[in-house]
Amino acid sequence: MHGLPPPELRRPCALAIGNFDGVHRGHQAILARVRNVAAERGLVPTVMTFEPHPREFFAELHKRPELAPTRIAGLRDELCALARHGMQHVVVERFNQRLASMPAQEFIDKLLLEGLHVRWLLVGDDFRFGAQRAGDIELLRANAARHGFEVESMDTVSDNGQRVSSSAIRTALAVGELDRAAELLGHPYSVSGHVIHGQKLGRTLGFPTLNLRVSRRCPALSGIFVVQVRGLADQALPGVASLGVRPTVDDSGRVLLEVHMFDFSDNAYGKLVQVEFLKKLRDEEKFVDLPTLQAAIEDDARQARNFFYPPAR
């Protein structure tokens, strides 16, 4: 739901609040706790999240776009992940000036109590909310005692001594450490989307591609990758992909995900697919001409094939 649910859908809930970008292993621990408490108490397992990310809002407000975090996942992927982990209601609250300037007590009264009928609330150990980030867990606990709901906080989940966080995943993706990102996420990093028509340039170069448009706020990585694609067959299909702005053939700055799948020729336009990133081959480059680009693509495809089908020694 974009914004608070209408009155007829408001039911007592077990609620987690936060930015669930990537729905990583730390988020998954939070969701498991919400799901279990909701089942025990007959509550609706619910998440409140924000769009855009509050840091995006303040970066734009102060004209500092470099401070906005890249997105690990688009909203569709985030919602699908929250549903897979048992959330029945997801409230996507628009983060704008009204919400940024809302006093912390009003946030509790209007959103949590009146809007969501919260009965049990889980937040991170460093959760802050309301204008000037004045609200904290102590204010929540004071209200809980007064209004008859419960508050629980969860410590940060760690992996080998490192905090499992969206920031750590963004860092791993930015430097091409896909294995590390997968450890923190609990699964390979992926992007989903509907297959769209492109310029058909890949076909003329001998490497037809599936094209997926990606939001400029995503992705947290770019370059050439070994990938596998789900959604077109019973099993994942192997391929090689380019994710970025295609500097050799396009100067628009539009981000596009292009996937060449090995030995695949079916019509996939309009289908929803999920592209899983397995290994980074190289950074995106601007080549001097199309023959040089074609040679690079041939080498990328060879390396990707060898990843899936290692040559006999």
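I started at histidine 117, which is partly exposed at a relative accessible area of 26%. For my own record, buried means under 20% relative accessible area, exposed over 50%, and partly exposed in between, with a 1.4 Å probe and protein chains only. Histidine 117 sits in the loop between α5 and β4. Its phi is near 55°, a positive value in a residue other than glycine. Helices here are DSSP runs of H or I with at least four residues, strands are runs of E with at least two, and both are numbered from the N terminus.

Before going further, I note that this is a predicted model, where local features need pLDDT of at least 70, side-chain atom pairs count only at pLDDT 80 or more, and totals for chains, interfaces and linings use all residues. Residues are numbered from 1 along each chain as its sequence is written, and side-chain values use heavy atoms, with hydrogens and water left out.

Next I looked at glutamine 132, where phi is near 60°, again positive in a residue other than glycine. Glutamine 132 is in the loop between β4 and α6 and is exposed, with a relative accessible area of 77%. Then I checked the peptide bond from glutamate 51 to proline 52, which is cis with omega near 0°. Proline 52 belongs to the loop between β2 and α2 (54-61). I keep the background in mind: most residues other than glycine have a negative phi, and most peptide bonds are trans.

**Confidence**

How does the protein score on average? I get a mean pLDDT of 89, with 93% of the residues at 70 or above. pLDDT is the predictor's confidence in each residue, from 0 to 100. Strand β1 (residues 13-17) has the highest confidence at 97, and helix α9 (residues 201-204) the lowest, at a mean of 56. Where pLDDT is low, the predicted coordinates should not be read in detail.

Is β1 enclosed or open? Five of its five residues are buried, so β1 is largely enclosed by the rest of the structure. I traced the side chains: Cys13, Leu15 and Ile17 point one way, Ala14 and Ala16 the other. β1 runs parallel to β2, and five bridges join them; strands pair if DSSP finds at least two bridges between them.

I moved on to α5 (residues 104-115), where Ala104, Phe107, Ile108, Leu111, Leu112, Leu113 and Gly115 are buried. These buried residues pack against β1, β2 (44-51), β3 (89-94), α4 (97-100), β4 (118-124) and α6 (137-147). Contact here means heavy atoms within 4.5 Å.

**The cores**

Which residues touch the most other members of the largest nonpolar core? I find Leu173, Leu257, Val259, Val275 and Phe277, out of 33 residues in that core. Such a core is a set of buried Ala, Val, Leu, Ile, Met, Phe, Trp, Tyr and Cys residues joined through side-chain atoms within 4.5 Å. Elements that each supply at least two of its residues include α7 (166-174), α8 (178-185), β12 (256-261) and β13 (272-282). Leucine 173, leaving aside neighbours within four places in sequence, is in contact with Ile72, Leu178, Ala181, Tyr189, Ala220 and Leu221. I also see a second, separate core of 29 residues, with Phe57, Ala100, Ala104 and Phe107 among them.

**Histidine 260**

I looked up histidine 260 in strand β12. It is buried, at a relative accessible area of 13%. Its side chain reaches the backbone oxygen of proline 208 at 2.9 Å. Not counting residues up to four places away in sequence, histidine 260 touches Phe207, Pro208, Thr209, Gly239 and Val240.

**Cysteines and a loop alanine**

How many disulfides does a search of the whole structure find? I get zero, taking a disulfide as a pair of cysteine sulfur atoms within 2.5 Å. Cysteine 13 is buried at 2% relative accessibility, while cysteine 80 is partly exposed at 39%.

Last stop was alanine 68, in the loop between α2 and α3 (75-84). Alanine 68 is partly exposed at 29% relative accessibility. Beyond neighbours within four places in sequence, alanine 68 is in contact with Arg55, Glu56 and Ala59.

Methods:
Polar contact = N/O pair within 3.5 Å; in protein donor to acceptor, adjacent residues only side chain to side chain.
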